[in-house]
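Here is a short report on one protein model and its ligand. Please look through the sequence and the structure first.

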Amino acid sequence: MRKSFRAGFSGVAAAAAALGMAELLAVFAGARSAPLVAVGGVVVDHVPAAVKDFGVAVFGVHDKTALLSGTAILLGLYAYGLGVLARRRWPVAIGGIVLFGVVGAVAALTRPGAGPGAVVPSLAGAALAVPVLRHLLRLADETPSGTSESRPDSSYAVESRRRFVRQLGIVAAVAAGGGLAGRWLTARGAATSARDELRLPATSEPPPVVPAGAQVEGAVPYVTPNSDFYRIDTALVSPLVDPASWTLRIHGMVRNPITITWDELLKRPMVERYVTLACVSNEVGGDLIGNARWLGTPIKALLDEADPLPGADQAVQRSVDGWTCGTPTAVLRDGRDALLAIGMNGEPLPVGHGFPARMIVPGLYGYVSACKWITEIELTRFADFDAYWVPRGWAAQAPIKTQSRIDTPRDGASRKSGQVVVAGVAWAQHRGIAKVEVQVDDGPWEVSSLAPAVSDDTWRQWSHSWAAEPGEHVLRVRATDLDGYTQTSEPADPAPDGATGWHEVTVSVG
Ligand SMILES: Nc1nc2c(c(=O)[nH]1)N[C@H]1C(S)=C(S)[C@@H](COP(=O)(O)O)O[C@H]1N2
Ligand SMILES: [Mo]
């Protein structure tokens, strides 16, 4: 390795250390005060519209990433040059580092909402770059060069070269670690503060009303509070999406690809609907199901604007973390309340439930319809693309199966003899529940009383008064939907398309 080479890389490593430090400090000083983001922001605000359109056309939704990477590459070249210069003219290098700090600090000051603290990340980063560069240059200089300048093969040369490379690696790794940690913390801050500040848009119609009597004693709450709503996803940590940079792109087999921003989404017509969401992994009697009031814009209108081509039978929804689910295009356009949702029970979507936007499709299991952190809908064919769970053994199409559950008494509970309340929920989303029956031991099926529900897209509660006699008893439940289908007694596992069988509990009556 030539000496100027090493000096150049020392410059790059020092710049990386500066950026890593700045990203960490930006967690406190504000996301827009990190030098790359600040300088990138100034560029975005000042480039001519034509250049911006070119960037969007070439890089699509990744135009911001492209801009940041471009800025980072330019900075890398600058740092390399400074490193090389610094070997012979240290004061020039200092000047170059100061220039870096000042440009970053000034850019940060011009950002919306910036206070005096916005200069800290760039200046502190620059201050750190000085000793880091000095240290690496000294090491580089002590290292004999691999060219004719000295004996390249001496063990001293090999050892000191290794030491230099090791230290370079350590600086780069610490810088990258600090930078990524800073980025992650800042993103969390941006997403949570945007969520806190978000005021949900109004709907054009009055909100749906939960009829009196929808709630039955002994059953779970008819509306599931957000804090109790089951959560299922493949994300190790929930993606943190700042609505300011969120977009939804509808593309693929469409005549008119569209991309909407968060502000555009908020201006679209909004409706509120109660929809009961269920997970295909829910066992018979399980609790991976919940009912919430979702605020969102009907996806049908957006799809109509995009104008899917004939044959595009699958709408693939894609999350910011790459997860996908495939929904029949026809289902999204058949007039049911399929929503691009932003609100849950009167609040912005909780981060774990898809903030800022997700899909909710009445009648389909979540894994084929309810993409959280959604950013893309690609129209394609079922024959051409398998969404996330399909190669893992789950069905490509999965309407929710008619099911029912006993919430009280719990399995293994005891009761005094006499009149005992048996109650629970039943669901057949988008078809509706017609009848729920209860069986004690192997006696006759008795029709329970059905509570009213908001719509056929939600679960329905039921209640039955049982004249309990002393002894051990098995209680069973089964539902019949409005298509006339009665739940099969045949037990089936959740895979590949939803469990079947009757829920039963054993109760001892004394
Ligand atoms: N991005 C993303 N969206 C997702 C999933 C996921 O893993 N990633 N899981 C799906 C599954 S399997 C279900 S059942 C529902 C659950 O939604 P919830 O966590 O809000 O209850 O989200 C769906 N949306
Ligand atoms: Mo699921």
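The structure holds 24 salt bridges. A salt bridge here is a side-chain nitrogen of Lys or Arg within 4 Å of a carboxyl oxygen of Asp or Glu. One of them joins Arg333 and Asp304, with the closest N and O atoms 2.8 Å apart. Arg333 lies in helix α10 (residues 329-333) and Asp304 in helix α9 (residues 299-306), so the pair ties together parts that are 29 residues apart in sequence. Helices (H or I, at least four residues) and strands (E, at least two) are DSSP runs, numbered from the N terminus.

This is a predicted model, in which local features need pLDDT of at least 70 and side-chain atom pairs count only at pLDDT 80 or more, while totals for chains, interfaces and linings use all residues. Residues are numbered from 1 along each chain as its sequence is written, chains are lettered from A and ligands numbered from 1 in the order in which they are written, and side-chain values use heavy atoms, with hydrogens and water left out.

**Domains**

The chain is assigned domain 1 (3-188), domain 2 (226-392) and domain 3 (403-509). These bounds come from an automatic or database domain assignment. The centres of domain 2 and domain 3, taken over C-alpha atoms, are 30 Å apart. Domain 2 brings 22 residues to the contact and domain 3 brings 19 residues. Contact means heavy atoms within 4.5 Å.

How much area do domain 2 and domain 3 bury between them? The value is about 1,500 Å², 61% of it on carbon and sulfur atoms. Buried area is the accessible area (1.4 Å probe) that two parts lose on being put together, summed over both. In domain 2, Thr276, Val284 and Ile289 lose the most area to domain 3, together 33% of what that side buries.

Zero salt bridges are found across this interface of domain 2 and domain 3. Four residue pairs are in polar contact between the two domains, both residues at pLDDT 80 or more. A polar contact is a pair of N or O atoms within 3.5 Å; within protein, one must be able to donate a hydrogen and the other to accept it, and residues adjacent in sequence count only if both atoms are side-chain atoms.

On the side of domain 2 that touches domain 3, β3 (271-278) and β4 (289-298) each supply at least two residues. The largest share, five residues, comes from β3.

**Ligand 1**

Ligand 1 is surrounded by 18 residues, and the closest are Tyr230, Thr234, His353, Arg358 and Lys372. A residue counts as near if one of its heavy atoms lies within 4 Å of the molecule.

| Residue and atom | Atom of ligand 1 | Distance |
|---|---|---|
| Ile232, backbone N or O | oxygen | 3.0 Å |
| Ser319, polar side-chain atom | nitrogen | 3.2 Å |
| Arg358, polar side-chain atom | oxygen | 2.7 Å |

**Backbone**

Most residues other than glycine have a negative phi, and most peptide bonds are trans. The bond from Thr408 to Pro409 is cis, with omega near -5°. Pro409 sits in the loop between β11 (403-408) and β12 (414-415). Ala495 and Pro496 are also joined by a cis peptide bond, with omega about 5°. Pro496 is in the loop between β18 (471-481) and β19 (503-509). His430 is not a glycine, yet has a positive phi of about 75°. His430 lies in the loop between β13 (418-427) and β14 (433-440).
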